[in-house]
Amino acid sequence: QRSFAWTWKSVTGTKIGFAVFVLVINVLPYGLGLIAIGSQIRAAGDFVVLAFAALVASTFASGQPAPTPTMGTLSMVLTGFLGAYFDPLVVAAIATAAGTLGLVVSYGAGEAGIGKLIFERMQDRPAVVAAVKRAFKVTRDHGAWAILVLTFEPNPAYAWSSVAMGASKAPFGRYFIAAVTGSGARFALLAFLGAGVESALG
């Protein structure tokens with residue numbers, strides 16, 4: 001019996017299919033999250049500063065070399081929500097700046113050798129260890145291109161990919177451009193998605 005080959009081509013079929021796949025896995029969970037929490041945050045207008053503070057803090061934290069999927073999800077939902085009620089470009093710029101700063105800190109941790117110490121403390125968490133190993137392999141094989149893709153579509157490996165870039169002494173300029181470009185595209189997409197959802201529901 002022929003075994004099933006799990007490849008991007010078999011999953012998405014075409015480049016258009018891949019693009020639709022990426023959009024769907026962003027739109028469904030974070031679009032629903034936006035609708036679910038939107039009314040509560042919107043009603044607390046006096047606390048909008050806290051919403052922006054939470055956006056900056058969660059986005060920065062999601063770029064750290066630790067398993068913080070909750071922070072990543074929160075930052076993406078907040079980006080979509082705030083983009084619905086404020087200038088989406090401004091919201092995206094703030095999120096991009098905070099996220100890139102978090103990733104740069106991870107790059108610095110790798111360059112300074114701190115990432116190794118963090119990794120050693122996670123040896124009792126096989127899933128995390130596997131994600132870290134994948135991050136190093138992807139970064140070794142693709143360099144800055146891996147950063148560009150992983151910052152656009154975050155997953156447990158993307159912060160560790162920044163650590164790997166620092167550990168390998170990769171050129172910071174190339175890394176920084178990739179991180180800003182990928183993060184900027186992701187947060188702009190989410191901010192304008194939020195604006196679109198608000199327009200559709202309004």
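**Exercise 1. Is Tyr85 buried, partly exposed or exposed, and which ring does Tyr85 pair with?**

Step 1. Start with the accessibility of Tyr85: at 30%, Tyr85 counts as partly exposed. Buried means under 20% relative accessible area, exposed means over 50%, and partly exposed lies in between (1.4 Å probe, protein chains only).

Step 2. Keep in mind that this is a predicted model, where local features need pLDDT of at least 70, side-chain atom pairs count only at pLDDT 80 or more, and totals for chains, interfaces and linings use all residues. Residues are numbered from 1 along each chain as its sequence is written, and side-chain values use heavy atoms, with hydrogens and water left out.

Step 3. Now look for the partner. Phe81 and Tyr85 form a tilted aromatic pair, 4.9 Å centre to centre with 55° between the planes. Rings of Phe, Tyr and Trp (its six-membered ring) pair if their centres lie within 6.5 Å; planes under 30 degrees apart count as stacked, over 60 as edge-to-face and the rest as tilted.

Step 4. Phe81 and Tyr85 lie in helix H4, four residues apart, which is about one turn of the helix. Helices (H or I, at least four residues) and strands (E, at least two) are DSSP runs, numbered from the N terminus. Phe81, at 4% relative accessibility, counts as buried.

**Exercise 2. Find how many aromatic pairs the whole structure has, and describe the one made by Phe52 and Phe86.**

Step 1. A search of the whole structure finds six aromatic pairs.

Step 2. For Phe52 and Phe86, the ring centres are 5.2 Å apart and the planes stand at 70°, so this pair is edge-to-face.

Step 3. Phe52 is in helix H3 and Phe86 is in the loop between H4 and H5; they are 34 residues apart, and the pair links distant parts of the chain.

Step 4. Compare their cover. Phe52 counts as buried at 18% relative accessibility, whereas Phe86 counts as partly exposed at 37%.

Step 5. For one more group of rings, look at Tyr107, Phe172, Tyr175 and Phe176, which ring pairs link into a cluster.

**Exercise 3. Which residues have the most contacts inside the largest nonpolar core, and which element gives the most to this core?**

Step 1. The largest nonpolar core has 13 residues, and Phe52, Leu55, Leu82, Val91 and Phe187 have the most contacts inside it. A nonpolar core is a set of buried Ala, Val, Leu, Ile, Met, Phe, Trp, Tyr and Cys residues joined through side-chain atoms within 4.5 Å.

Step 2. Two or more residues come from each of H3, helix H4 (69–85), helix H5 (88–112) and helix H10 (172–201). H4 gives the most, with four residues.

Step 3. A second, separate core of eleven residues includes Tyr158, Ala170, Tyr175 and Ala179.

Step 4. Return to Phe52. Not counting residues up to four places away in sequence, Phe52 touches Leu82, Phe86, Val91 and Ile94. Contact means heavy atoms within 4.5 Å.

**Exercise 4. Work out what Thr59 is in contact with, leaving aside its neighbours within four places in sequence.**

Step 1. Find Thr59 in helix H3. Thr59 is buried, with a relative accessible area of 1%.

Step 2. With those neighbours left aside, Thr59 is in contact with Ser75, Ala95, Ala98, Gly99 and Phe187.

**Exercise 5. Find how many salt bridges the structure holds, and which residue Asp141 pairs with.**

Step 1. The structure holds one salt bridge. The term means a side-chain nitrogen of Lys or Arg within 4 Å of a carboxyl oxygen of Asp or Glu.

Step 2. Asp141 forms a salt bridge with Lys137, and the closest N and O atoms are 3.0 Å apart.

Step 3. Asp141 and Lys137 are four residues apart in helix H7 (residues 126–142), so about one helical turn separates them.

Step 4. Both ends can be checked for cover: Asp141 counts as partly exposed at 42% relative accessibility, and Lys137 counts as partly exposed at 45%.

**Exercise 6. How many helices and strands are in the protein chain, and how many residues of helix H9 are buried?**

Step 1. The protein chain has ten helices and zero strands.

Step 2. Helix H9 (residues 158–167) is mostly covered, with nine of its ten residues buried. Among them are Tyr158, Trp160 and Met165.

Step 3. Just after H9, Lys169 takes a positive phi of about 60°.
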